[in-house]
Amino acid sequence: MKKILALTDFSACAENGVDTAIRLAENSGAELIVYSRVKIPFNWQTLTNAEKAQNPEAVALVSNTEALFDALKDRYADKKVKIKTLFSGGKLIEMVRDLVESENIDLLVLGSHGSSGLEELFVGSNTQRIVRFVHCPVLVVKNKRETIEFKNIVYASDFNASDKAAFLRFLIFVRNFDPTIHLLSVNTLGFFSQPYVLTKTLMDEYKAICGDDINCEIHMISNPFIEPGIREFANDIDADLIVVSNEHRHPIKRMFTGSNVEALINHSDVPVLSLDFKD
């Protein structure tokens, strides 16, 4: 990784994400960009000082944000990480998407508290919308982590050929952690479930991709629902990370069937890495 982007509103939840991003940047030698969306005019940076003075509330917000970023840099001054801080007005999703593309971001890191109920179904958290609309690998963390050691990783998939490219990039990301990767298939026992023999064959192909350098194990479990099945398995093996390939769904279909990726992000206490690449 060359560039990591972390988002913050300076809450304790967001700072968990920044802390994780700092540690990942230190581990990989990547540059870290920390971004905050502030409720100021979209064109704030282009305004004259006289024009800015006409909006004292925005001036105060900018001053406070700059002070918070200075404190953040001081807090991590002992880390061997190049930190760049940015803030702007505008719509969050659009600004993040533009940053990912203009800065060639390899990984986006977010702290999240999740969401539930009607908020989850009809609106969704900012984290959900970022995962849904920004084409970039997204790592979502809920809690502060003392170390970043992704040693025990669940990789959940249907293991089709179309996901192999994402899997190869994922292996590059985790190789430095010397992990054990648990390839996981959840059989929902439904009418459209893949036959056991076909699933096993596909999973064997993924295991072969790991080669001799990375320990890789195959697990096939049954659960009426995919997302709870993944979480239960991750908890059973004390996983450090859950990885899923992000299949974008039509909004109407999402309302009725849900997105397993977004549900995991909302409900899992284990960090979730959503793989989404724009070539």
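The talk below takes some labels one at a time and sets them against their definitions.

Modeller: This is a predicted model, in which local features need pLDDT of at least 70, side-chain atom pairs count only at pLDDT 80 or more, and totals for chains, interfaces and linings use all residues. Residues are numbered from 1 along each chain as its sequence is written, and side-chain values use heavy atoms, with hydrogens and water left out.

Colleague: Why is Thr-20 called buried?

Modeller: Buried means under 20% relative accessible area, exposed over 50%, and partly exposed in between, with a 1.4 Å probe and protein chains only. Thr-20 has 0% relative accessibility, so it counts as buried. Thr-20 lies in helix H1 (residues 12-28); helices (H or I, at least four residues) and strands (E, at least two) are DSSP runs, numbered from the N terminus.

Colleague: Which residues does Thr-20 contact, leaving aside neighbours within four places in sequence?

Modeller: Contact means heavy atoms within 4.5 Å. With those neighbours left aside, Thr-20 is in contact with Val-109, Leu-139, Val-141, Arg-145 and Ile-148.

Colleague: Why does Tyr-196 count as exposed?

Modeller: The relative accessibility of Tyr-196 is 54%, and therefore it counts as exposed. Tyr-196 is found in helix H8 (residues 196-210).

Colleague: What makes Tyr-196, Val-197 and Met-220 a patch?

Modeller: Like charges are joined within 9 Å, and nonpolar side chains (Val, Leu, Ile, Met, Phe, Trp, Tyr) within 5 Å. Tyr-196, Val-197 and Met-220 form a nonpolar patch on the surface, with about 320 Å² of accessible area together. Accessible areas come from the Shrake-Rupley method with a 1.4 Å probe; for residues, only the protein chains shown count as cover.

Colleague: Why is strand E7 said to be largely enclosed by the rest of the structure?

Modeller: Seven of the eight residues of E7 (residues 180-187) are buried, so the strand is largely enclosed.

Colleague: How do you know that E7 pairs with strand E8?

Modeller: Two strands pair if DSSP finds at least two bridges between them. E7 and E8 (residues 215-222) have eight bridges, in the parallel sense. Ile-181 stands opposite Cys-216 in E8. Five bridges also join strand E6 (residues 152-156) to E7, and these run parallel.

How values were computed:
Patch = residues over 30% accessible without salt bridge, like charges linked within 9 Å, V, L, I, M, F, W, Y side chains within 5 Å. Salt bridge = Lys/Arg side-chain N within 4 Å of Asp/Glu carboxyl O.
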